[in-house]
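Please look through the chain shown below before reading on, and keep it in view while you work through the points that follow. The briefing starts with one term and then moves from the overall fold to single residues and pairs.

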Amino acid sequence: MLSRFTDHPASVNETYLQHLGSAFGFGGSMLVGALACFLHGLFPWLCLSRGSDTIRTLHHRMVTHRVVHPDPASRTTAVAAGD
């Protein structure tokens, strides 16, 4: 059961707590970006680029910190689809 908490973080070269911090950081950024998109929808003069800036920033963070695995079977579908 413990391996469920450690296998995936280890596959991306992180401890459980490092992975938790990264995931919460990404999630928080996505929440702020989503809120900006909703505000922009209601008030088109607000948050003109915040949503797209958030996407670009998160993509850059994820791609520049990606760990390439020697075993392609160890990669998840979501990561493989993002290549």
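A charge is said to sit over a ring if NZ of Lys or CZ of Arg is within 6 Å of the ring centre and within 35 degrees of the ring normal. In this predicted model, that description applies to R61, whose charged end sits over the ring of F26, 4.3 Å from the centre of that ring. The protein has four helices and zero strands, and 11% of its 83 residues count as buried.

**Overall layout**

- Helix α1 covers residues 3-11, helix α2 covers residues 16-42, and helix α3 covers residues 50-64.

**Aromatic pairs**

- A pair of aromatic rings is described by the distance of the centres and the angle of the planes.
- The structure holds two aromatic pairs.
- In the pair formed by F5 and Y16, the ring centres are 5.7 Å apart and the planes stand at 75 degrees, so this pair is edge-to-face, since planes over 60 degrees apart are counted in that way.
- F43 counts as partly exposed, with a relative accessibility of 34%, whereas W45 is exposed, with a relative accessible area of 60%.

**The nonpolar surface patch**

- M1, L2, F5, Y16, L17, L20 and F24 make a nonpolar surface patch of about 830 Å².
- Helix α2 gives the largest share of this patch, with four residues.
- One of the residues of the patch is L20, which is found in helix α2 and counts as partly exposed at 31% relative accessibility.

**The salt bridge**

- Side chains of opposite charge can pair when their charged atoms come close.
- The structure holds one salt bridge, and this is formed by D53 with R56, whose closest N and O atoms are 2.7 Å apart.
- Because D53 and R56 are three residues apart in helix α3, they are separated by about one helical turn.
- The two partners fall into separate classes of accessibility, as D53 counts as partly exposed at 30%, while R56 counts as exposed at 52%.

- Is S11 buried or exposed? S11 is buried, because its relative accessible area is 19% and the class of buried residues takes in values under 20%.
- S11 lies in helix α1, and a polar atom of its side chain lies 2.6 Å from the backbone oxygen of H8.

**Loop residues with positive phi**

- Most residues other than glycine have a negative phi, and most peptide bonds are trans.
- N13 is found in the loop between α1 and α2, where N13 counts as exposed at 61% relative accessibility.
- C47 also has a positive phi in a residue other than glycine, with a value near 50 degrees.
- C47 lies in the loop between α2 and α3, and C47 is partly exposed, with a relative accessible area of 30%.

**A distance between H40 and G51**

- H40 is found in helix α2 and is partly exposed, with a relative accessible area of 30%.
- The C-alpha atoms of H40 and G51 are separated by 8.9 Å, and these two residues are eleven residues apart along the chain.

Terms used: Residues numbered from 1 in each chain as written. Predicted model: local features only at pLDDT ≥ 70, side-chain atom pairs only at ≥ 80, totals over all residues. Heavy atoms only, no water. Helix = DSSP H or I, 4+ residues; strand = E, 2+ residues; numbered from the N terminus. Buried < 20%, exposed > 50% of the residue type's maximum accessible area, 1.4 Å probe, protein only. Polar contact = N/O pair within 3.5 Å; in protein donor to acceptor, adjacent residues only side chain to side chain. Phe/Tyr/Trp six-rings, centres within 6.5 Å; stacked < 30°, edge-to-face > 60°. Patch = residues over 30% accessible without salt bridge, like charges linked within 9 Å, V, L, I, M, F, W, Y side chains within 5 Å. Areas by Shrake-Rupley, 256 points an atom, 1.4 Å probe, with all protein chains shown as cover. Salt bridge = Lys/Arg side-chain N within 4 Å of Asp/Glu carboxyl O.
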